[in-house]
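Thanks for making the time this morning. Please bring up the model on your screens, and I will walk you through one part of it.

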Amino acid sequence: MNNTSQFESAMRRALELALLGPTYGGNPQVGAVILDKDLNVLAEGWHRGAGTNHAEVDALSKLNVIPEGAIAVVTLEPCNHTGRTGPCSQALIKAGIKTVVYGASDPGVASANGAKTLADAGVTVIGGLLADEVEKQQRVWLTAMRKQRPFISLKWAQTLDGRTSASDGTSKWISGPESRAHVHKLRSEIDAILVGTSTVLIDDPELTARKPDGGLYEHQPLRVVLGKSELDDSKRVFNTDAKTLQIKTHDLNELLETLWAQDVRHLLVEGGAKVMTSFIAEGLFDEILVYQAPQLIGGTGLAVGDLGLSTMQSAIELEFTEVISLGKDIFIRSQKKG
């Protein structure tokens, strides 16, 4: 059992299964594969969202008999707490699983240490298999758990000269239809989307996730409006297509604590410039998403204001992690370097 390479194909299958689960809802995407002692696949499972069976239990539920020496290969360390469902560590022990192989350790405050529980019960535990691949795939949830705040994506569309609006305040449409479709798909995969009250007053955005045909995606993110300005109920952000929460504070940590308590694990910040500048200045972001359009407009409509950084030596260093073409535009995903 010391040669972990024998389990890699099962782990890669578990990673594929994990992607079948939702990216929103407060819980991680997890996949599991149950093998017999000869490494034949007996059952597969994945987590379908909050309140449903976790991946390990889902896989075990498909077996009437679990043979002696069965092995569980799971992308995330089996959980060790009772929430809306029971602890997976105990379910594996009760099922008679003799070996558990997992990818990434569970950083959750309440759910961690499943590996220790399994080992204390005499189960052979092998951790860290394809850990880098698991970390990359589940970076949003793992980062949120480690930082105990939502994973924060900052997003804007800009012209080639870095402007997000014209001098008259208009910003429709800087990006093309392919970029806008990409944004709406992204919205359908997150927990919450945020703008400031100024953006609501000026642009009157709806902040829903819509398909190219105009229909609503099944999942709609919580719409969050940040700021103390009073807003008219007629604003589109208050329509019935999704839930909306106005948080009347200028304290970003208070904001994030409020969202964390509501199981928001991935927050997409869409504007405006004052809000973007505040998040960046306080170091409260994990990635930046930019839709770059081949236009020039000039003026003062910048995505980010003064950060108080006066020299190149004090610049915030980022690294590109994804660059793709979307119609006439370029989409760039970047994260903090290191």
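Let me start with helix 10 (residues 273-281), which lies across strand 6, strand 7, strand 10 and strand 11 (287-292) and runs at about 130° to strand 10. This is a predicted model, in which local features need pLDDT of at least 70 and side-chain atom pairs count only at pLDDT 80 or more, while totals for chains, interfaces and linings use all residues. Residues are numbered from 1 along each chain as its sequence is written, and side-chain values use heavy atoms, with hydrogens and water left out.

Which residues of helix 10 are buried? They include Val275, Met276, Thr277, Phe279 and Ile280, where buried means under 20% relative accessible area with a 1.4 Å probe, protein chains only. Their cover includes strand 6, strand 7, helix 9, strand 10 and strand 11. After helix 10 comes Gly283, whose phi is positive, near 70°.

Turning to the sheet, it is open and has 8 strands in the order 9-8-7-10-6-11-13-12, with mixed pairing; two strands pair if DSSP finds at least two bridges between them. Strand 9 (244-247) and strand 12 (318-326) stand at the edges with a single partner strand each, so one side of each has no neighbour in the sheet.

Within the sheet, strand 6 (residues 151-158) and strand 10 (residues 266-271) run parallel and are joined by 4 bridges, and Leu154 has Val269 in strand 10 as its bridge partner. Helix 9 (residues 252-261) also packs on the sheet, touching strands that include strand 8 (222-226), with whose direction its own makes about 160°; contact here means heavy atoms within 4.5 Å.

Note on methods. Helix = DSSP H or I, 4+ residues; strand = E, 2+ residues; numbered from the N terminus. Axes fitted to C-alpha atoms, helices over the stretch in contact; angles between N-to-C directions. Buried < 20%, exposed > 50% of the residue type's maximum accessible area, 1.4 Å probe, protein only.
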